[in-house]
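Here's a quick tour for anyone opening this one up for the first time. Have the sequence and the 3D view handy, and follow along topic by topic.

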Amino acid sequence: MNAAITATARYLPKRVLSNFDLEKMVDTSDEWIRARTGIETRRLVSKGQASADMATEVAKILMERSNTKSDEIDLIIIATVTPDTMFPSTAARVQHSIAAKNCWGFDLSGACTGFLYALESGARFVESGDYKKVLVIGTDTMSSIIDYTDRNTCVLFGDGAGGVLLEPTESNNGVLDALLRIDGSGGDALIMPGGGSLHPPSVDTVNKKMHYVRQDGKTVFKFAVKGMADISSDILSKNNFTGEDIKLFIPHQANKRIIDAAAKRCKIPNERVLINIDKYGNTTAATIPIGLDEAVEDGTLQDGDIVLTASFGAGFTWGSMLIRWGK
Ligand code: UT7
């Protein structure tokens, strides 16, 4: 029994924040941002809108596209580092919004690798034979934890959500393999230090801006280039594939230079690498499912095509997955 992706969906909030807008907010330039990251615009939620709202939109599209009724859903897995509240979970909020009466669900914290962690988890539930319809959604409202006076981070991130419906299949399509890793020794290089049980929110944590993302960009960049390139090439060799077998590489969208390095290492030509960082920036757990949905929409993927995905993020977390497209 394999777990096949039977529907894809994305939601991007309407509000656009361009590099030119950011030029008016911090000491940066469109030229610097484009050259160093590949980003031109990013989307931001409107006031009152949060991660569960975006995930709910994704869940509704997934149900519509697959003709699924909400009471048929068995499990909702949400990858996010920006839940609406510490608890209840985003999964509980989505369940309530779509009135899915016969399921359970949970949030999963894997930062930028969150969607791959969630997809592997969802696939294993389906492969067990006990779960028929599993929603796997990555949703992040990065604007809620970004300091818009810090040019090191505010130019990088955007808000968005994307997801898939997983269902069992007797075919050889679906999630083929996953290589996933975690290494907490890199934790301090990309962190939101305040607001958890170690540094509960207080006037002091707010004054010290501990509720915002802090990143040592250079260190993360170095590990991300190696981590993503190594794991992508490892999963290809493990499955006896080469870059030529890959119809589409859908990498996490954190920096165009990191993506280019991973693609080069795997010998995947540019035209088979999905890039949308220019439009949306880094939407953390949402980048890969947003990219997948765009590729499905524009007809890039046909039955039997092999898709490679890869990601690297806070933790450090990183990983790579192979999917054979089709139901
Ligand atoms: O998805 C989660 C994982 N995250 C990542 O993968 C992000 C990895 N890191 C990166 O993508 C890059 O390191 C950044 C895009 C964050 C930074 O690019 P960089 O080429 O590594 O720049 P840098 O940090 O070495 O900074 C170079 C210069 C510095 O100035 P000085 O010290 O040389 O005078 C920075 O202060 O650029 C400056 N700088 C900026 N200048 C204009 C940093 N941010 C900006 C900015 N605009 N927004």
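This is a predicted model: local features need pLDDT of at least 70, side-chain atom pairs count only at pLDDT 80 or more; totals for chains, interfaces and linings use all residues.

The chain is assigned two domains, with domain 1 covering 2–171 and domain 2 covering 176–324.

- Three residues stand out here: Arg10, Cys112 and Leu116 supply 20% of the area that domain 1 buries against domain 2, more than any other three residues.
- For a bit of background, the accessible area lost when parts come together is often how the size of an interface is given.

**Polar links across the interface**

- There are 22 residue pairs in polar contact between domain 1 and domain 2.

**Salt bridges**

- How many salt bridges turn up in the whole structure? The search finds 16.
- Four salt bridges cross the interface of domain 1 and domain 2.
- Take a look at Arg10 and Glu297, whose side chains form a salt bridge with N and O 3.1 Å apart.
- That pair ties together distant parts of the chain: Arg10 sits in strand S1 and Glu297 in helix H11 (residues 287–297), 287 residues apart.
- In general, side chains of opposite charge can pair when their charged atoms come close.

**Around the ligand**

- Which residues come closest to the ligand? Of the 23 that surround it, the closest are Thr28, Arg36, Lys218, Asn255 and Asn282.
- The side chain of Thr28 has an N or O atom 2.6 Å from a nitrogen atom of the ligand.
- Arg151 also reaches in with its side chain, placing an N or O atom 3.0 Å from an oxygen atom of the ligand.
- Gly217 uses its backbone instead, with an N or O atom 3.1 Å from an oxygen atom of the ligand.

**A closer look at Cys103**

- You'll find Cys103 in the loop between helix H4 (90–98) and strand S5 (104–108).
- Setting aside neighbours within four places in sequence, Cys103 is in contact with Ile73, Asp74, Leu75, Ile76 and Gln95.
- Between Cys103 and Ser70 there are 33 residues of separation in sequence and 9.2 Å in space, C-alpha to C-alpha.

- Most residues other than glycine have a negative phi, and most peptide bonds are trans.
- The peptide bond from Phe87 to Pro88 is cis, with omega near 0°, and Pro88 lies in the loop between strand S4 (75–79) and H4.
- Another cis peptide bond joins Gly315 and Phe316, where omega is about 0°.
- Phe316 belongs to the loop between strand S12 (306–313) and strand S13 (317–324).
- Where does Lys209 sit? Look in the loop between helix H7 (203–207) and strand S10 (214–215).
- Lys209 has a positive phi of about 60°, even though it isn't a glycine.

Note on methods. Residues are numbered from 1 along each chain as its sequence is written. Side-chain values use heavy atoms; hydrogens and water are left out. Domain bounds come from an automatic or database domain assignment. Buried area is the accessible area (1.4 Å probe) that two parts lose on being put together, summed over both. A polar contact is a pair of N or O atoms within 3.5 Å; within protein, one must be able to donate a hydrogen and the other to accept it, and residues adjacent in sequence count only if both atoms are side-chain atoms. A residue is near a molecule or strand if one of its heavy atoms lies within 4 Å of it. Helices (H or I, at least four residues) and strands (E, at least two) are DSSP runs, numbered from the N terminus. Contact means heavy atoms within 4.5 Å.
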